[in-house]
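Student: I have a model open and would like to learn how to read it. Please take me through it feature by feature.

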Amino acid sequence: MRSIDLEKTPLRELNESLHQLKDGTNETEWEVLNPRGQHAVAVGIDAPVTVTIRGPVGYYCAGMNKQATVVVHGSAGPGTAENMMSGKVIVKGDASQYAGATGRGGLLLIEGNASSRCGISMKGIDIVVKGNIGHMSAFMAQTGNLVVLGDAGDALGDSIYEARLFVRGSVKSLGADCIEKEMRTEHHDALSALLKKAGVNGVKTSEFKRYGSARKLYNFNIDNADAY
Amino acid sequence: MSYQNPPTTPRKSSTFDDYTLSEIRRAAQTGIYDIRGGGAKRKVPHFDDLLFLGASMSRYPLEGYRERCSTAVTLGTRYAKKPIELKIPITIAGMSFGSLSANAKEALGRGATLAGTSTTTGDGGMTPEERGQSKTLVYQYLPSRYGMNPDDLRKADAIEVVVGQGAKPGGGGMLLGQKISDRVAEMRTLPKGIDQRSACRHPDWTGPDDLEIKILELREITDWEKPIYIKVGGARPYYDVALAVKAGADVVVVDGMQGGTAATQEVFIEHIGQPTLACIRPAVQALQDLGMHRKVQLIVSGGIRNGADCAKALALGADAVSIGTAALIALGDNDPALEGEYQKLNTTAGAYDDWHEGRDPAGITTQDPDLSERLDPVRAGRRLANYLKVMTLELQTIARAAGHNHIHNLEPEDLCALTIEAAAMARVPLAGTSWIPGQDKL
């Protein structure tokens, strides 16, 4: 395992080293020590490696990740795994605002709570939050899945497109054009697969409600102006 | 004997003019505000209100066609490992694939490359046609993040974080369903045929302090190679530029209200934002106050039409200019040769601005395969290159006449203004006087 201590090594050196990794590299296990809230830790990786970060990180940890598994043993600042393409990002603590923003693929697992705007503009990512999520989550969410084992805050799924939201707890309020939808067999199957992928056991899919777009605001109509 | 008053000439109101009346009727009929493309059509103080003084007893001119007048510019010298080197100080502004056809995007890349300058992606991601034909390509980083991915980010020669644009500072966009082809829908990860909202704010940062961290992330992802631009609309240019510098920009792009858009509300285009002329001096002042003029480069856009406009923007302190609408005209947009077809769309050549409807007979602002096919990207690219070369020659002509061997040596002292308004905005003397309105200097 390669271990990098961010107290001694500049961030730029860490990220450049990670960017030099290609498919088939032998250096598949990395450990980052003393991140101490630094921003942009382990961003832009494009190789099937595992990076274990021991401590809290700041903004945009694992941003635009491809293929890699990044595990944060601590809490994560805003924009964790933003625009992730593939791979897996696991936050053992809580995540701040915009977790998984515009993510296109892969899995973001937040074992604690996520703050506001979790999954904003998501475009294909799967996000699983074991705790609660804050207000305006899944705003303008285009596609992908957001699974919340706890509660959701205000205006969930405001102006949502085709993303699927599964919430086990309460939803404080739904945003514009977001409605509760029937949980059909295919949705139970999809949710079950997501929970399995995230390693969540002992939870039944029947405990969740599904939310998605009413598709009433897809094409502009003046008579819907009050909805905005 | 009967007496008749002599008739008066029917008189229309200046306040309720024909356009205003037609807009009231249109709104009453449709219940929807007017959406259109392009920039502000109203007359505002502009570069035409400035003149160059030329050389005389106190300045030596340079010999046309003989003495060298350099036009090369380098952008992104502050932090980027690989700054951009351009032969001319005129770049092509961001315009999206989606709003423009793939052929039009390719033509912009071809024309820019032939002329030795850069072109820019837009709110729809990077197309292979555009990357392939563009020697220097600036990749826009927009609130919608449509098509955003790290591979394209690394393929780019520079990254432009778009905070706003001159046609609609503070506004997002809407690509209407009729322009959403299969390819556009796929690139934007949305269903075909629905209206696609382009957000007005970035999803994962708010304010310059956050932006500084976002730029750090973009630099880290690209190993500090690429120049990072910040583009702002002409709202509060002094503070916007100062904050862009604070956030870590290598280059700041300031786009005035004449700058075009693919589609926005008429009310937004005409009533929000400042004219380009009014933006330049405050922007330059901000750079000077921070000791960053010429260290962080300034690109000015919005209504640049010819070499004279370019020369005036540079004389006021810009490092380069950017063109969008003018580039589309060079490709063939609004060509009088298509007048018959424009009339079928209830408009006329020169006035066509329903770019959002996707029915452009010139094959530029459309996704219709038959219409798109009309634009030959090789020929259109050549036209754009010709136009850029003419602009450059005009710019050199003016610079030589003012005695400068590099276009960056143009300065405000080379200019005077024809109107008090332009003199105040450009901070140059009213012609025939030494009076700069708003300044105590005599």
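Student: In what sense do strand β1 and β2 of chain A pair, and over how many bridges?

Tutor: Strands of a sheet pair through backbone hydrogen bonds, either parallel or antiparallel. Here, β1(A) (residues 2–5) and β2(A) pair in the parallel sense over 4 bridges. Two strands pair if DSSP finds at least two bridges between them. The elements are DSSP runs numbered from the N terminus: helices are H or I with at least four residues, strands are E with at least two. One caution on origin: this is a predicted model, where local features need pLDDT of at least 70, side-chain atom pairs count only at pLDDT 80 or more, and totals for chains, interfaces and linings use all residues. Residues are numbered from 1 along each chain as its sequence is written, while chains are lettered from A and ligands numbered from 1 in the order in which they are written.

Student: Which residues of β2(A) do Arg2(A) and Ile4(A) stand opposite?

Tutor: Arg2(A) stands opposite Trp30(A). Ile4(A) stands opposite Val32(A).

Student: Which residues of β2(A) are on its covered face, and which on its uncovered one?

Tutor: In a regular strand the side chains alternate between the two faces of the sheet. In β2(A), residues 29–33, the covered face has Trp30(A) and Val32(A). The uncovered face has Glu29(A), Glu31(A) and Leu33(A).

Student: What is the hand of the crossover from β1(A) to β2(A)?

Tutor: View it with the strands pointing away from you: the crossover is right-handed if the path from the first strand over the helix to the second runs clockwise. This β-α-β crossover passes through α1(A) and is right-handed.

Student: What does β2(A) pair with in β3(A), and where does β3(A) lead?

Tutor: β2(A) and β3(A), residues 50–54, pair in the parallel sense over 5 bridges. Trp30(A) has Val51(A) as its bridge partner there. β3(A) also pairs with β4(A), residues 69–73, in the parallel sense over 5 bridges. In that pair, Thr50(A) stands opposite Thr69(A).

Student: What is the strand order of the open sheet in chain A?

Tutor: The 11 strands run β1-β2-β3-β4-β5-β6-β7-β8-β9-β11-β10, with mixed pairing. β1(A) and β10(A) (178–181) stand at the edges with a single partner strand each, so one side of each has no neighbour in the sheet. The twist averages 15° from one strand to the next. Angles run from 0 to 180 degrees between N-to-C directions, and axes are lines fitted to C-alpha atoms, for helices over the stretch in contact.

Student: How does the sheet of chain B read, by order and pairing?

Tutor: Its 8 strands form an open sheet in the order β5-β15-β14-β12-β11-β8-β7-β6, and the pairing is parallel. β5(B) (90–92) and β6(B) (118–120) are the edges, each with a single partner strand, so one side of each is left without a neighbour in the sheet. Here the twist averages 30° from one strand to the next. Within this sheet, β14(B) (297–301) and β15(B) (320–323) pair over 3 bridges. Ser301(B) has Ser322(B) as its bridge partner in β15(B).

Student: Where does Ser144(B) lie, and is Ser144(B) buried or exposed?

Tutor: Count C-beta atoms, placed from the backbone, within 10 Å of the residue's own: 20 or more others means buried, 12 or fewer exposed, and in between partly exposed. Ser144(B) lies in the loop between β7(B) (136–141) and α4(B) (150–155). Ser144(B) has 28 such neighbours, so this residue counts as buried.

Student: Which residues is Ser144(B) in contact with, leaving aside neighbours within four places in sequence?

Tutor: A contact needs C-beta atoms, placed from the backbone, within 7 Å. Ser144(B) is in contact with Asp123(B), Ser198(B) and Ala199(B). By C-alpha atoms, Ser144(B) and His202(B) are 7.2 Å apart in space but 58 residues apart in sequence.

Notes:
Contact = placed C-beta atoms within 7 Å.
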